[in-house]
Amino acid sequence: MVHYLFQQSFQKYANFLRYLPILNALIMSNQQTKTNFTLRNFRNGDQESLIESADNIKIFNNVKDAFPHPYTYADANWWIEFCKETDKPVNAFAVDIDGKIIGAVGIIIGIDVQIVTAEIGYWLGEKYWGKGIAVEALKQMTDYAFQNYPDLVRLWAAVFEYNKP
């Protein structure tokens, strides 16, 4: 009986802990999303709006090195094709406002012993910064990740030291 109670308590605690890496960022943000957006799959025809939003040195300076600059049509085309080829569930979504791509949010599932973790990340076009879109997109992606990856126990995000609220 004691073992059963401990196991149940531990499971509740573990469920809480798996949200902690990004929970702090979400709690600390008092921004309310005033802009309606959708998360959707990337598709052919997104190239122009993807380039318009992604081709920005400020975005390039705040994401991983694999993100290209300048962001060209070839880069946009490669990314869209790459996203279409991945196995289900989808790991990256376009952030869409009125049919235009204004950013992206996604996860990278860990490998080997880190298979139960995933890195979460996003980028938004500069004119959409400070509107609460990233916070809401991260919330939606977090829910999606834990619903679609039942073995996932933790999400984490890399943060640049100089990126402060």
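**Exercise 1. Burial of helix α3**

The buried residues of helix α3 are Gln 47, Ser 49, Leu 50, Ile 51, Ser 53 and Ala 54. The model is a predicted one.

Solution. 
- Step 1. Buried is taken as under 20% relative accessible area.

**Exercise 2. The contact of α3 with α5**

Task: describe how the axes of α3 and α5 cross, and which residues meet there.

Solution. 
- Step 1. α3 covers residues 47-54 and α5 covers residues 73-85; their axes come within 9 Å and cross at roughly 115°.
- Step 2. The crossing is right-handed.
- Step 3. From α3, the residues involved are Gln 47, Glu 48, Leu 50 and Ile 51; on the α5 side they meet Tyr 73, Ala 76, Asn 77, Trp 79 and Ile 80.
- Step 4. Sorted by class, this contact has 6 nonpolar, 2 polar and 1 charged residues.

**Exercise 3. Layout of the sheet**

Task: give the strand order of the sheet, then say which strands stand at the edges.

Solution. 
- Step 1. The chain has 6 helices and 5 strands, and its elements run α-α-β-α-α-α-β-β-β-α-β from the N terminus on.
- Step 2. An open sheet of 5 strands is formed in the order β1-β2-β3-β4-β5, and its pairing is mixed.
- Step 3. The edges are β1 and β5 (154-156); each has a single partner strand, so one side of each has no neighbour in the sheet.
- Step 4. From one strand to the next, the twist averages 30°.

**Exercise 4. Strand β3 and its partners**

Task: work out how β3 pairs with β2 and with β4, naming bridge partners in β3 and in β4.

Solution. 
- Step 1. β2 (residues 92-97) pairs with β3 in the antiparallel sense over 6 bridges. Within β3, Gly 103 is the bridge partner of Val 95.
- Step 2. β3 also pairs in the antiparallel sense with β4 (residues 117-124), over 7 bridges. In β4, Trp 123 is the bridge partner of Ala 104, and Ala 118 is that of Ile 109.
- Step 3. β3 (residues 100-109) is mostly covered, with 7 of its 10 residues buried.

**Exercise 5. Backbone exceptions**

Solution. 
- Step 1. Most residues other than glycine have a negative phi, and most peptide bonds are trans.
- Step 2. With a relative accessible area of 76%, Asp 98 is exposed.
- Step 3. Pro 70 belongs to the loop between α4 and α5.

**Exercise 6. Nonpolar cores**

Task: identify which element supplies the largest share of the largest nonpolar core, and list the contacts of Ile 102.

Solution. 
- Step 1. The largest nonpolar core has 23 residues; Ile 102, Ile 107, Ile 133, Met 141, Leu 152 and Leu 155 have the most contacts inside it.
- Step 2. At least two residues of this core come from each of β2, β3, β4 and α6 (133-148). The largest share, 8 residues, is from α6.
- Step 3. Neighbours within four places in sequence aside, Ile 102 contacts Ser 53, Val 95, Ile 97, Trp 123, Leu 124, Gly 125, Tyr 128 and Ile 133.
- Step 4. Another core, of 16 residues, lies apart from this one and includes Ile 51, Phe 67, Ala 76 and Trp 123.

**Exercise 7. Asn 41**

Task: classify Asn 41 by accessibility and list its contacts.

Solution. 
- Step 1. Asn 41 is in the loop between β1 (38-40) and α3.
- Step 2. Its relative accessibility is 38%, so Asn 41 counts as partly exposed.
- Step 3. Beyond neighbours within four places in sequence, Asn 41 is in contact with Asp 46, Lys 88, Val 90 and Phe 93.
- Step 4. Asn 41 and Asp 96 are 55 residues apart in sequence, with 9.5 Å from C-alpha to C-alpha.

Methods: Residues numbered from 1 in each chain as written. Predicted model: local features only at pLDDT ≥ 70, side-chain atom pairs only at ≥ 80, totals over all residues. Heavy atoms only, no water. Buried < 20%, exposed > 50% of the residue type's maximum accessible area, 1.4 Å probe, protein only. Helix = DSSP H or I, 4+ residues; strand = E, 2+ residues; numbered from the N terminus. Pairing = 2+ DSSP bridges. Axes fitted to C-alpha atoms, helices over the stretch in contact; angles between N-to-C directions. Left-handed = near helix turned anticlockwise from the far one by under 90°. Contact = heavy atoms within 4.5 Å. Nonpolar A, V, L, I, M, F, W, Y, C, P; charged D, E, K, R; others polar. Core = buried A, V, L, I, M, F, W, Y, C linked by side-chain atoms within 4.5 Å.
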